[in-house]
Amino acid sequence: MSIQARRRRERAERERLIVTAARDLLESEGWDAVTTRRLADRIEYSQPVLYSHFKGKSAIMAAVATAGFADLAVELRAARVAAGEPRQALAAVAAAYAGFAERHPTLYEAMFTQPVDLPFGRPDTPPALRQAYEELREGLRPFTREDNVETLTETFWSALHGLLVLRRSGRLPRDDHERRLALLLDRFAT
């Protein structure tokens, strides 16, 4: 292995360590706990090392969000592929999406509600973001009819996201979540 290859591998490993430490802090204590000083202490590197990998906290947040999208895409794909017929597949994707948001509330906020410098719906959208969106789109594709699949996906995603955010904030009662989700599926999976 060449010295350059080893250095690239070591750099990638440090970045992974930084993102993992940031995600751990995020999920256990929230974004206010994610500081370069605490990250440096956690990974046992100096703050300048962090800044050699990321321009600041917002870049770290974007990396954490991107990793979250990669995890979400894997879960959505597994749910969609494991389901049988199209309606079951869409229901499984919606349930997996809601389950991810429930299990990782602060990560979900970083992905969807915190200001992060990630391009959505553009050619330069990171692959992990695109893959998560594509799983939603593939779950909806059988129900497209004359609708544009992109617009249908955006609308379904918006409605699903809205239900989750309103439930989490206490504006919608938690006990009616399954009924709301079933209603959403009834409207889109016809």
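Trainee: How many helices and how many strands are there in the chain?

Mentor: The chain has nine helices and zero strands, where helices are DSSP runs of H or I with at least four residues, strands are E runs of at least two, and numbering goes from the N terminus. This is a predicted model, in which local features need pLDDT of at least 70 and side-chain atom pairs count only at pLDDT 80 or more, while totals for chains, interfaces and linings use all residues. Residues are numbered from 1 along each chain as its sequence is written, and side-chain values use heavy atoms, with hydrogens and water left out.

Trainee: What box do the C-alpha atoms fill?

Mentor: Along the principal axes, the C-alpha atoms occupy a box of roughly 55 × 40 × 25 Å.

Trainee: Where does Asp176 lie, and is Asp176 buried or exposed, or in between?

Mentor: Asp176 belongs to the loop between α8 (149-168) and α9 (177-188). Its relative accessibility is 23%, which counts as partly exposed; buried means under 20% relative accessible area, exposed over 50%, and partly exposed in between, with a 1.4 Å probe and protein chains only.

Trainee: What share of the chain counts as buried?

Mentor: Of the 190 residues, 44% count as buried. The accessible surface comes to about 10,500 Å², and 53% of that belongs to carbon and sulfur atoms; these areas come from the Shrake-Rupley method with a 1.4 Å probe.

Trainee: What share of the contacts joins residues 24 or more positions apart?

Mentor: Among contacts in the chain with a separation of 6 or more, such residues account for 63%. A contact here means heavy atoms within 4.5 Å.

Trainee: Turning to charges, how far apart are the mean positions of the positive and negative ones?

Mentor: The 29 positive and 27 negative charges have mean positions 4 Å apart. Lys and Arg count as positive and Asp and Glu as negative, without His and the chain ends.

Trainee: How many salt bridges does the count give?

Mentor: The count is 18 salt bridges, each being a side-chain nitrogen of Lys or Arg within 4 Å of a carboxyl oxygen of Asp or Glu. Side chains of opposite charge can pair when their charged atoms come close.

Trainee: Which residue does Arg103 pair with, and which helices hold the two?

Mentor: Arg103 forms a salt bridge with Glu75, and their closest N and O atoms are 2.4 Å apart. Arg103 lies in helix α5 (residues 86-103) and Glu75 in helix α4 (residues 57-82), so the pair ties together parts that are 28 residues apart in sequence. Arg103 is partly exposed at 47% relative accessible area, and Glu75 is also partly exposed, at 27%.

Trainee: And where do Arg16 and Glu13 lie?

Mentor: Both are in helix α1 (residues 3-29), three residues apart, about one turn of the helix. Arg16 has a relative accessible area of 44%, and Glu13 has 37%.

Trainee: What links Arg137, Glu138, Arg141 and Glu150?

Mentor: These four residues are joined in a network of salt bridges. Elsewhere, the side chains of Glu29 and Arg38 meet in a salt bridge of 2.8 Å, N to O.

Trainee: What does His161 touch?

Mentor: Not counting residues up to four places away in sequence, His161 touches Tyr97, Tyr108, Phe112 and Thr113. The side chains of His161 and Tyr108 are joined by a polar contact of 2.6 Å, and His161 is placed in helix α8.

Trainee: Lastly, what is the phi of Glu44?

Mentor: Glu44 has a positive phi of about 60°, although it is not a glycine. Glu44 is in the loop between α2 and α3 (47-53) and is exposed, with a relative accessible area of 70%.

Technical notes:
The place of a charge is taken as NZ of Lys, CZ of Arg, CG of Asp or CD of Glu. A polar contact is a pair of N or O atoms within 3.5 Å; within protein, one must be able to donate a hydrogen and the other to accept it, and residues adjacent in sequence count only if both atoms are side-chain atoms.
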